[in-house]
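Okay, thanks for coming, everyone. Let me put the structure up, and then we'll walk through a few residues and the ligand.

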Amino acid sequence: MKNKGLLLVVSGPSGAGKGTVVGGVIATSDKFKLSISVTTRNPRDGEVDGVNYHFKTMSEFELMIHNNQLLEYMEVYGNFYGTNKLFVEEMLDNGYDVILEIDTKGAMAIKKLMPDAVMIFITPKTLDILTQRLVGRATETKEQIDRRLSESARELSFADQYDYIVINEELDKCIDQVANIIRSEHCRTKHCSQIIVDFSK
Ligand code: 5GP
């Protein structure tokens with residue numbers, strides 16, 4: 001029998017470049033699966049339903065909560081975001097490593113629910129870099145940027161709850177570091193329990 005996959009939770013302040021890092025990590029191995037969240041927020045330009053998110057109406061989202069189809073869900077910046085439970089469970093059972101890119105509140109809920117999850121926090125070196133990235137992205141209004149910046153300060157206060165903190169200064173290096181963390185985590189005894197069972201036969 002094979003080992004179950006690892007559940008990896010990636011968070012960090014808005015503008016830390018988490019999405020790009022996670023995309024880069026996913027591209028390094030076909031053993032990685034990105035959990036595509038469900039959200040009630042409107043798609044940004046270029047975002048595709050089923051690729052970036054599963055975009056839902058509020059009533060569709062409420063039905064998913066009612067049917068216990070979400071592993072966790074949170075309200076972030078006035079919109080709802082949630083993790084598709086069935087997808088995560090099926091992928092883990094099939095031996096894939098599943099990456100959740102979620103906010104710190106959702107991450108704390110996962111940590112309680114699944115204590116073996118590997119928690120990774122991605123951050124830029126300074127808050128100034130965050131501001132520059134958010135303004136440069138130009139996908140939000142000034143008001144939305146201000147809200148995201150104050151939310152970023154709150155997100156940063158959760159960094160000490162994570163197993164790893166990775167500074168995203170150079171993208172390739174950051175992707176490499178996260179991929180290395182995952183490789184090392186696979187060697188932890190608790191994640192290789194099947195080998196020990198097989199040895200003792
Ligand atoms: P954005 O609107 O920029 O795509 O995402 C806003 C925030 O929601 C980000 O911090 C992102 O990580 C978080 N997020 C995305 N999907 C989920 C999810 O399924 N659950 C939770 N708790 N947060 C999510």
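So, let's start with N68: is it buried, exposed or partly exposed? Before I answer, a word on the model: it's predicted, so local features need pLDDT of at least 70 and side-chain atom pairs count only at pLDDT 80 or more, while totals for chains, interfaces and linings use all residues. Residues are numbered from 1 along each chain as its sequence is written, and side-chain values use heavy atoms, with hydrogens and water left out.

N68 is partly exposed, because its relative accessible area is 48%; buried means under 20%, exposed over 50%, and partly exposed is in between, with a 1.4 Å probe and protein chains only. You'll find N68 in the loop between α2 (58-66) and β5. Helices here are DSSP runs of H or I with at least four residues, strands are E runs with at least two, and both are numbered from the N terminus. N68 has a positive phi of about 60°, and it's not a glycine. Most residues other than glycine have a negative phi.

Now the ligand. How many residues surround the ligand? There are 17, and the closest are R41, Y53, E72, Y81 and D103; to be counted, a residue needs a heavy atom within 4 Å. That shell splits into six nonpolar, four polar and seven charged residues.

Look at the polar contacts next, meaning pairs of N or O atoms within 3.5 Å. A polar side-chain atom of D103 is 2.7 Å from a ligand nitrogen. On the oxygen side, G82 brings a backbone N or O atom to 3.0 Å from a ligand oxygen, and R148 has a polar side-chain atom 3.2 Å from an oxygen of the ligand. As for the elements, β5 (70-76) and β6 (79-84) are the ones that give two or more residues to the shell.

Let's move to a few other spots. H191 sits in the loop between α7 and α8 (193-199), and it counts as buried because its relative accessibility is 11%. The H191 side chain reaches the backbone oxygen of E185 at 2.9 Å.

And E169, buried or exposed? E169 counts as exposed, because its relative accessibility is 55%. It lies in the loop between β9 (164-167) and α7 (171-186). E169 and G17 are 152 residues apart along the chain, and their C-alpha atoms are separated by 9.7 Å.

Last one: Y164, in strand β9. Y164 is partly exposed, with a relative accessible area of 25%. Its C-alpha is separated by 18 Å from that of K190, 26 residues apart along the chain.

Technical notes
A polar contact is a pair of N or O atoms within 3.5 Å; within protein, one must be able to donate a hydrogen and the other to accept it, and residues adjacent in sequence count only if both atoms are side-chain atoms. Ala, Val, Leu, Ile, Met, Phe, Trp, Tyr, Cys and Pro count as nonpolar, Asp, Glu, Lys and Arg as charged, and the others, Gly among them, as polar.
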